[in-house]
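User: I have a model open and would like to go through it with you. Could we begin with the pockets?

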Amino acid sequence: MVSAMGDRTASAILALLLLSSWSLMVVMAYQGRGMEGREKRVEEKAPRSPEDRGLFILRRSKEVLKTDAGEVRLMMGYRYRGNHSPMHIGFITMEPNTLYIPQYIDASLILFVRRGEAKVGYIYKNKLVEKRLKSGYVDAIPAGSSFYIVNSDKSERLHIICSIDTLESMEYYGAYPQSFYVGGGVLPRSVLSGFDASTLSAAFNVSSDQLEMILNSQRGGPIIRLNGEAAEQRDYLSSIMQLKERMVQEKEMDSDDDDEAEQEEDDVWTWRCLLKSLLGKGDCRVQRKHKLAHSPGSYNLYDTEPSYQNDYGYSIAIDGHDYSALKHSNLGVYLVNLKAGAMLSPHVNPTATEYGIILRGSGTIQVVFPNGTAAMNAKVSEGDVFWIPRYFPFCQIASDGAPLEFFGFTTSARKNRPQFLVGKSSLLHSMRGPELAAAFGVSEEQLERIVKAQREAVILPTSPHREMEEINGKKWKGEEVLVMKRGLFA
C-alpha cells in the first residue's frame, strides 16, 4: 500500500516536472518569436516623428454661426493637465455694410482688427460707448458687457481676431462660450423674448403691439446686412441708425460753446434711454449736468514702438501696464515680425501660456518637452493657430523665402519677461561660469566659446555657425562643438 502510494507520488512529481519544463520552453519560444512582433507593434503604435505631429497646433475648429453677411469661427483650445483650456481663439468675418447684432457673452474678449475698419459699441459703466477701430487696433470687452460690431465700409471685408477667456464661462454650457442676444427677433431670439408678454409690457410701459414689432421683425441671423431692404425695415436696427443721426445733429447744434476736446468725445448714451427711444417713449437726449464717463481707449498695435528690434526683425508686447483694459481679462498681447530666415531665439515663458496666430508668411515652430525631448517640430503658414504651455521651451523660425508675422495673446497681464536660452541676452550668457560648465561636462573655455559665439540677442540669424566659420577662416573642430545635454535643449 505504501509502495503504491510512493509510486503514484513519484509519478505525479515527474509529471509536474515535465509539465513545468514544457511550459518554460513554450514561454521562451513565445518570447523569442514574439519579440520581433512586439517591437513591430510598439513601432506601429509609437507616435509619429516630431516633424509630422503638431501637438501644439490647434486644429479643432467650430463654426459658431454663418449667414450671408458673415461668419464666426472658433478655434478650440486643448485641455491641459485635466483642465479646460484657458482660452479659445475666435475669427469674425463680416461683409461690407453688415451688423453683428447686440449681445453679451459669458467670456471676456480682446479684439484685434486684422483687416478693415470696425465700429464697436459696448456698455461701459451703464453707458453705451462707440469706437471706430482701424486695422491694428486692440480693444477689450468685459464678460457680460453688451456689445455690437458694425462693418460700415461699402467694399472691404472686416476680419477680427479675438481671444475668448473661458475662465468666466458657465460650466453647464461646456467649454463653449454662450451668446445672449439682446437684439434679435425670430432668428436669433432676443433674451427679452423669454419673458411673458404682460411682464415686458408692464416693464417697458408700452402696449403688446409695440413689443410685437420689436421682438418679431428680425429674421436674418446674428450677422445681418444693413443695406437694401434690411436698412429700410422699421425694426430696431433702422431705429438705431436714425437715432444715431439725430443725436449727432443735436450734439452739433448744442456744442457751439464746447471746446474742441469735448467735441471729439466718444458718443455715449444710456442703454435705458436707447430702448425707450426705440419703443417711441421719448427722446434720448443726454443731459450733460455731469462730465461723461470715458471707457479705456483702444490701443494701436501697429503704431507702437517695438519692445525689441534688430536687423532680423522686431517684437511688440503690451500688458496691463501699457493698456489698462488688459488688466480685467488678465491677458497680454504681442506681435512678432521675423525677416526671412530669422529665428526668435529658444525661450521659455515663466508666467504665461502663449497663443499665436500666423498672420502672414510661413516657417517652423519647435517645442521641447520638460524631459528635453522634441515635442513638436511643425511647419506653419498663414491662418495656423498654435499654443505653448507655460514653462515649455520653444522657438519660431521664418522660412528662407519670406518674412513670418504672428500675433497672439498671453495668459497674464503682467510683464511676461521671457527667459531666452540662447543669444547675447540669454540666461546661459548670464550664468556662464564653473557651475554651468560642470553641468555640461565641459571646460569653462569651451563653454565660453560656445555661449559668446552668438553676437545677436532675442531675434537671431539661422546660420550663426557658418558666419563664425567665415570670420575664423576655418572649420570648427567637432570636439570643440558643445553638445547640449537633454533637460535644457532638444
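User: What volume does the second largest pocket have?
Analyst: The second largest pocket has a volume of about 590 Å³. A pocket is an open set of points on a 1 Å grid over the protein atoms alone, where a 1.4 Å probe fits, with protein on both sides within 12 Å along at least five of seven lines. The volume is the space filled by probe spheres set on the points, which are joined across faces, edges and corners. This is a predicted model, in which local features need pLDDT of at least 70 and side-chain atom pairs count only at pLDDT 80 or more, while totals for chains, interfaces and linings use all residues. Residues are numbered from 1 along each chain as its sequence is written, and side-chain values use heavy atoms, with hydrogens and water left out.

User: How many residues line the second largest pocket, and which lie nearest its centre?
Analyst: The lining has 27 residues, and Ser315, Ala317, Asn416, Arg417 and Pro418 lie nearest the centre. Lining residues have an atom within 4 Å of a point.

User: Which strands supply at least two residues of that lining?
Analyst: They are β17 (313-318), β18 (332-338), β19 (342-348) and β24 (394-398). Strands are DSSP runs of E with at least two residues, helices are runs of H or I with at least four, and both are numbered from the N terminus.

User: And how does the lining divide into nonpolar, polar and charged?
Analyst: There are 12 nonpolar, nine polar and six charged residues. Ala, Val, Leu, Ile, Met, Phe, Trp, Tyr, Cys and Pro count as nonpolar, Asp, Glu, Lys and Arg as charged, and the others, Gly among them, as polar.

User: Is phenylalanine 91 buried or exposed?
Analyst: Phenylalanine 91, in strand β4 (residues 87-94), is buried, with a relative accessible area of 12%. Its C-alpha atom is separated by 9.1 Å from that of serine 163, 72 residues apart along the chain.

User: In what order do the strands of the seven-stranded open sheet run?
Analyst: The order is β1-β23-β20-β25-β18-β17-β16, with antiparallel pairing. Two strands pair if DSSP finds at least two bridges between them. The edge strands, β1 (57-58) and β16 (308-310), each pair on one side only. Two bridges join β1 to β23 (residues 385-388), and isoleucine 57 stands opposite phenylalanine 386.

User: What about backbone geometry: where is the cis peptide bond at proline 188?
Analyst: The bond from leucine 187 to proline 188 is cis, with omega near -10°. Proline 188 is in the loop between β12 (179-181) and α2 (197-204).

User: And what is the phi of asparagine 126?
Analyst: Phi of asparagine 126 is near 65°, a positive value in a residue other than glycine. Asparagine 126 is in the loop between β7 (118-124) and β8 (127-133), and counts as exposed at 66% relative accessibility.

Terms used: Buried < 20%, exposed > 50% of the residue type's maximum accessible area, 1.4 Å probe, protein only.
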